[in-house]
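Walk through this fold with me, one contact at a time.

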Amino acid sequence: MNAAIRAAKKGGKEGEVPIGAVVVFGDKVVSKGYNRRARLQLASAHAEMMAIDGACRKFGSWRLPEGCELYVTLEPCPMCMGAVLNARVDKLFFGAYEQKGRSLTGALAQANLLNHKTEVVGGVKETECSALLTDFFSSLRRKQKEEKEACEKEEI
């Protein structure tokens, strides 16, 4: 999870929502990803998608080898969970829980959608992963407030 947290911080420094993900195979990180939606202007440029795509390219297959694990700092959305299942990730570990309840991670992992089941473990380094997001959005709101106040002073 530490590598996913480092990836999230890298994305945060670039102005992206700080979410990071890594694919691990045989105790080695084989691919990293972080949110790049704003930079790439792609709705699908989530951290998980970037990490899974990188791992698929590395292994030369859309189907990851048995034993691949994904570590991500935030509970995956339905799109990303679909990619986890399609790529045949064996285990998914995530940090912060999606607070708005829109992830469906557990339901999708247990559904009979594919000939594959992914083990899901949530809450790994939850406090640290949640703090990344809380700090990012607090800072963003603070900057927006300061900009609004500066604009209002110029109008006077």
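Start with a helix pair. Helix 1 and helix 6 pack with their axes 11 Å apart, at an angle of about 5°. Angles under 35 degrees count as roughly parallel, so helix 1 runs roughly parallel to helix 6. On the helix 1 side, I5, A8, K9 and G12 make the contact. On the helix 6 side, the partners are E128, C129, L132 and F136. This model is predicted, and everything below is computed from it.

Now look at helix 1 itself. It covers residues 2-13. A3, A4, I5, A7, A8 and G11 of helix 1 are buried. What covers them? The cover includes strand 1 (20-25), strand 2 (28-34), strand 3 (69-74) and helix 6 (126-155). After helix 1 comes G15, with a positive phi near 90°.

Step back to the whole chain. The protein chain has six helices and five strands. Along the sequence they follow the pattern α-β-β-α-α-β-α-β-α-β-α. The C-alpha trace spans about 65 × 30 × 25 Å along its principal axes. Of the 156 residues, 41% are buried. Take the contacts between residues at least 6 apart in sequence: 61% of these join residues at least 24 apart.

The largest nonpolar core has 40 residues, and I19, V23, I52, L64, L70 and Y71 touch the most other members. Two or more residues come from each of helix 1, strand 1, helix 3 (47-59), strand 3, helix 4 (78-86), strand 4 (91-96) and helix 6. Which element gives the most to this core? Helix 3 does, with six residues. I19 shows how such a residue is surrounded. Leaving out residues up to four places away in sequence, I19 touches A8, G33, Y34, N35, A47, V72, T73, L74 and L133. Among these, A8 is also one of the buried residues of helix 1.

The axes of helix 3 and helix 4 come within 9 Å and cross at roughly 20°. That angle makes helix 3 roughly parallel to helix 4. What is the handedness of the crossing of helix 3 and helix 4? The crossing is left-handed. E48, M49 and I52 of helix 3 meet M79, C80, A83 and V84 of helix 4. In helix 4, C80, M81, A83, V84 and L85 are buried.

Follow the chain out of helix 4. R88 comes after the helix, and its phi is positive, near 70°. V89 sits in the loop between helix 4 and strand 4. Is V89 buried or exposed? Buried means under 20% relative accessible area; V89 has 1%, so V89 is buried. What does V89 touch? Beyond its neighbours within four places in sequence, V89 is in contact with L64, C68, E69, L70, V84, H116, K117 and T118. P65 is 24 residues from V89 in sequence, yet the C-alpha atoms of the two are 8.1 Å apart.

Most residues other than glycine have a negative phi. Q41 has a positive phi, near 55°. Its place is the loop between helix 2 (37-40) and helix 3. With a relative accessible area of 65%, Q41 is exposed. K125 also has a positive phi, near 50°. K125 lies in the loop between strand 5 (119-121) and helix 6. Its relative accessibility is 39%, so K125 counts as partly exposed.

Finish in helix 6, where E152 lies. E152 counts as partly exposed, because its relative accessibility is 39%. Compare its position with that of C80, a residue of the contact between helix 3 and helix 4. E152 and C80 are 72 residues apart in sequence, and their C-alpha atoms are 41 Å apart in space.

How values were computed. Residues numbered from 1 in each chain as written. Predicted model: local features only at pLDDT ≥ 70, side-chain atom pairs only at ≥ 80, totals over all residues. Heavy atoms only, no water. Helix = DSSP H or I, 4+ residues; strand = E, 2+ residues; numbered from the N terminus. Expected span 1.5 Å × (residues − 1). Buried < 20%, exposed > 50% of the residue type's maximum accessible area, 1.4 Å probe, protein only. Contact = heavy atoms within 4.5 Å. Core = buried A, V, L, I, M, F, W, Y, C linked by side-chain atoms within 4.5 Å. Axes fitted to C-alpha atoms, helices over the stretch in contact; angles between N-to-C directions. Parallel < 35°, antiparallel > 145°, perpendicular 65-115°, else oblique. Left-handed = near helix turned anticlockwise from the far one by under 90°.
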